[in-house]
Amino acid sequence: MTEDIIALIKENVIQGRVTADDEGMDEGWVGKPGVTELVEQALAENVSVADIINKGLTDGMSVVGEKFESKEYFIPDMLASAEAVGSAMEILEPHLSKSGIEAKGKIIVATVKGDLHDIGKNIVSILLRGSGYIVKDLGNDVEPQAIVDAVKKENPQFVGLSALLTSTMVNMGETIQALKDNGLRDKVKVIIGGAPVSEEFAQSIGADGYGADGFQAVAIVESLASGSGGNS
Ligand code: B12
């Protein structure tokens, strides 16, 4: 029974269905419960929160990642699945501490100063949340000083910076400089991403890691957390 509902959650993540109204990737799903209804049902049936997250949401998102890499899925498909995971995590968040699940770490994410593109940053946030991290999303067009202030207040292990414009990617370097100027650079690992950014650029501004997509963002954070990755 538990396996059934977990399998359904996983399948509905793959289908990108938030609620029963959603069509999903394949036909014939409208009217059947989506991820939010299934997660509510699973909680009512006392299914473990860890199983919902790990075997339902995360395993579903892994399949989506594979389909994205093999070009079977495109960005809107991935967004639909990421949204489904995000809405499930909103329902599950109040239950995390109760079920003894410890957050893996905390990350502050922001799109840098001057840049209003936040779709990619939002995907990164959702996937990190889905992987068990506490994410403090500062939004877009975020001044270096606001990131410094947030690091002081939140004490995160990671900072994730996003930029989509060649004119704003320089503000990633400015942000890292601001962290240095405030004596905070050694306290956080900084990872960066966004279409114009590259591994080489990350190294040139002294970032700790670069991720080409949301799944790589999670992988980099995981490897930096275990001390086995990054550019440094
Ligand atoms: C949607 C969009 C907009 C929307 C943004 C809406 C929003 N809420 O985000 C609006 C209409 C506001 C917009 C405005 C502008 N845009 Co625009 N926009 C785009 C567009 C079409 C899609 C971007 C996007 O969302 N991609 C989908 C997401 C999922 O991908 P992503 O952002 O790359 O994120 C992924 C990875 O990069 C990575 N990632 C992202 N962030 C991070 C962070 C970390 C830490 C990690 C590890 C990974 C990571 O993971 C993400 C998920 O897989 C692109 C073109 C394109 N095809 O990319 C142009 C584009 C980025 N825009 C462009 C331009 C020029 C502008 C404007 C200047 C246009 C104008 N003249 O007004 C303004 C600038 C506004 C501003 N100050 O920011 C140019 C940039 C050119 C350049 N090289 O600088 C592009 C490339 C279009 C083009 N070909 O000319 N835009």
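The structure holds eight salt bridges, a salt bridge being a side-chain nitrogen of Lys or Arg within 4 Å of a carboxyl oxygen of Asp or Glu. This is a predicted model, in which local features need pLDDT of at least 70 and side-chain atom pairs count only at pLDDT 80 or more, while totals for chains, interfaces and linings use all residues. Residues are numbered from 1 along each chain as its sequence is written, and side-chain values use heavy atoms, with hydrogens and water left out.

**Domains and their interface**

- The domain assignment of the chain gives domain 1 (2-96) and domain 2 (106-225), with bounds that come from an automatic or database assignment; the centres of the two domains, taken over C-alpha atoms, are separated by 26 Å.
- In the contact between them (heavy atoms within 4.5 Å), 12 residues of domain 1 meet eight residues of domain 2.
- About 880 Å² is buried between domain 1 and domain 2, and carbon and sulfur atoms give 82% of that area, where buried area is the accessible area (1.4 Å probe) that two parts lose on being put together, summed over both.
- On the side of domain 1 that touches domain 2, helix H3 (49-69) and helix H4 (75-96) each supply at least two residues, helices being DSSP runs (H or I) of at least four residues and strands (E) of at least two, numbered from the N terminus.

**Ligand shell**

- The ligand is surrounded by 26 residues, of which the closest are Leu 116, His 117, Asp 118, Ser 162 and Thr 166, a residue being counted if one of its heavy atoms lies within 4 Å.
- A side-chain N or O atom of Ser 162 is 2.7 Å from a nitrogen atom of the ligand, whereas a polar backbone atom of Thr 166 is 2.9 Å from an oxygen atom of the ligand.
- The largest share of the shell, four residues, comes from H5.

- Asp 51 forms a salt bridge with Lys 55, their closest N and O atoms being 3.6 Å apart.
- Asp 51 and Lys 55 are separated by about one helical turn, because they are four residues apart in helix H3.

Methods:
Polar contact = N/O pair within 3.5 Å; in protein donor to acceptor, adjacent residues only side chain to side chain.
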